[in-house]
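Please keep the sequence and the structure in view while reading.

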Amino acid sequence: MILKKQHGEYNPETSIYIGLLNPFCEESDIIEELNLILRDDRIKKEKETSLSRTKLQGSPEDEKEKENEKAVKPVVDSTKNFIISCMVFFDPITQRPKQFAFVDFSTKEAAQICIKAWHMKSMKKFPNRLMVTVFDAQYQKMTKAEREKSKDGKKSFTNLWVEKLPYAF
């Protein structure tokens, strides 16, 4: 299991939101299944590269054409695809999961692989369908300094609504 023990800096490129989780799903279950997905993708890419190498070696071509193909093909190191952090959120009062989680990956490619594998599909261990999307920074909690900074440009409210005043006024 590959997991870097740190809280991720959630961003729209490398982080995903997982909704509609099973109430019994834990962080270890998510990490285990996502690592299997990333491993399968890594094996698939290794097979594709080995097949393309055997085809290149078997056919006689000019050396210049081979060099051009190597220069054009981007080298993707799929071993860099790993999970930085995973967090399932719990209700502080009942200590039950809120049925959503955030996962932060090392690369944008790893996040896209997991979104394709899980969006509107289920985990192997839990049969319910998941809603998996890219993390939207719009809903990120603001710090106190950021809130104060955003208030500077806005006008303060001056309207007041009072209801059910006594007749004595």
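Isoleucine 16 lies opposite valine 134 of strand S4. The strands S1 and S4 are antiparallel and are joined by four bridges; strands count as paired if DSSP finds at least two bridges between them. The model is predicted, so local features need pLDDT of at least 70 and side-chain atom pairs pLDDT 80 or more, while totals for chains, interfaces and linings use all residues. Residues are numbered from 1 along each chain as its sequence is written, and side-chain values use heavy atoms, without hydrogens and water.

The open sheet holds four strands in the order S2-S3-S1-S4, with antiparallel pairing. Because S2 and S4 each have a single partner strand, one side of each has no neighbour in the sheet. On average, neighbouring strands are turned by 20 degrees against each other, direction ignored. Helix H3 packs on this sheet and touches S1, S3 and S4; contact means heavy atoms within 4.5 Å. The direction of H3 makes about 155 degrees with that of S4, where axes are lines fitted to C-alpha atoms, for helices over the stretch in contact, and angles between N-to-C directions run from 0 to 180 degrees.

Helices (H or I, at least four residues) and strands (E, at least two) are DSSP runs, numbered from the N terminus.

| Element | Residues |
|---|---|
| strand S1 | 15–19 |
| strand S2 | 83–90 |
| strand S3 | 97–105 |
| strand S4 | 131–134 |
| helix H3 | 108–118 |

Threonine 14 is found in the segment before S1. Beyond four places in sequence, threonine 14 touches residues including Phe105 and Ala111.
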